[in-house]
Amino acid sequence: MKLAIDPPHLHTLSIAGGTERFPVNRIYCVGRNYAAHAREMGKDPDRDPPFFFMKPASAAVDAAQPATVPYPPKTKNYHHEIELVLAIGRGGSDIPVDRALEHVFGYAVGLDMTRRDLQLDARDKGRPWEFGKSFAFSAPIGPLHRVQDVGHPAQGAISLTVNGQPRQASDISKLIWSVAECIAYLSEYEALEPGDVIMTGTPEGVNAVLPGDAMRGEIQGLGAIEVRVAS
């Protein structure tokens, strides 16, 4: 029997200042990379080696324009997490820290949307986080700003509001593990490929959103994204 399989849908992101698209390969996420967020999640913010989880490419939502995401099933505690996002333009393995930034194509504002109740239940049972983190439409990402246009942001305000009310506010300089360190460490375990996306972690202030809520996430120098939860 010959199976008829349609080619997979290609998920892409906008690139600021042009009509080109960035094809998303894999989405890696760094866990608890701000000390204050680690504390609010009940963990000590020691500078242990970073840990990563993944989202599927289908999690990516192009938020170059105001976007709407569905309220996902099987949760009653759907959380926002504002993050600095980077896109890999040149692959490699065992990348040294001092050469890591050479592999970055660009940066963007992103949201790691989380079914917090499912994540915490899995964590407490010693199970994987997939149901809490790795689901479709859980990674709205704004336009990618090329490195040649914005450089490598090492500091700048990062914030998120919900319905105009402040929720998260910090500075990307407070990352426990820098962008270069995250790239270098991850490349020791997995060869990075062009199209890979890395979400670098969220500051404190994560909280729930409800159907109809409007989020606005912003990082200094990278603009803002507007994402609404479908009613």
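This is a predicted model: local features need pLDDT of at least 70, side-chain atom pairs count only at pLDDT 80 or more; totals for chains, interfaces and linings use all residues.
## The largest pocket

The largest pocket holds about 180 Å³ of space. Its lining is made up of 14 residues. Five of these are the closest to the pocket centre: Arg32, Asp44, Asp46, Asp48 and Phe51.

What kinds of residue make up this lining? There are 8 nonpolar, 2 polar and 4 charged residues.

## The second largest pocket

The second largest pocket holds about 160 Å³ of space. Its lining divides into 9 nonpolar and 3 polar residues, with no charged ones.

Look for the lining residues in the structure. They are Leu84, Leu101, Tyr107, His152, Pro153, Ala154, Ile172, Ser173, Leu175, Ser178, Val179 and Ala180.

## A sheet of three strands

An open sheet is built from 3 strands. Their order is S10-S7-S16, and the pairing is antiparallel. Strand S7 covers residues 78-80. S7 and S10 pair over 2 bridges. In this part of the sheet, His79 stands opposite Thr114 in S10.

Which strands stand at the edges? They are S10 (114-115) and S16 (207-208). Each has a single partner strand, so one side of each has no neighbour in the sheet.

One loop runs between helix H3 (130-133) and strand S11 (139-141), and Ser138 lies in it. Phe137 is also placed in the loop between H3 and S11.

Is Ser138 buried or exposed? Its relative accessibility is 0%, so Ser138 counts as buried; the cut-off for buried is under 20%. Leaving aside neighbours within four places in sequence, Ser138 is in contact with Lys55, Ala59, Leu111, Asp112, Met113 and Lys133.

Phe137 has a relative accessible area of 42%, so Phe137 is partly exposed. The backbone of Phe137 also deserves a look. Its phi is near 65°, a positive value in a residue other than glycine. Most residues other than glycine have a negative phi.

## Arg32: a loop residue at the pocket

Arg32 lies in the loop between strand S3 (27-30) and helix H1 (35-40). Arg32 is also one of the residues closest to the centre of the largest pocket.

What is the phi of Arg32? It is near 45°, a positive value in a residue other than glycine. The relative accessibility of Arg32 is 27%, so Arg32 counts as partly exposed.

Technical notes. Residues are numbered from 1 along each chain as its sequence is written. Side-chain values use heavy atoms; hydrogens and water are left out. On a 1 Å grid over the protein atoms alone, a cavity is a set of points where a 1.4 Å probe fits but cannot get out, and a pocket is an open set with protein on both sides within 12 Å along at least five of seven lines; lining residues have an atom within 4 Å of a point. Grid points are joined across faces, edges and corners, and a volume is the space filled by probe spheres set on the points. Ala, Val, Leu, Ile, Met, Phe, Trp, Tyr, Cys and Pro count as nonpolar, Asp, Glu, Lys and Arg as charged, and the others, Gly among them, as polar. Two strands pair if DSSP finds at least two bridges between them. Helices (H or I, at least four residues) and strands (E, at least two) are DSSP runs, numbered from the N terminus. Buried means under 20% relative accessible area, exposed over 50%, partly exposed in between (1.4 Å probe, protein chains only). Contact means heavy atoms within 4.5 Å.
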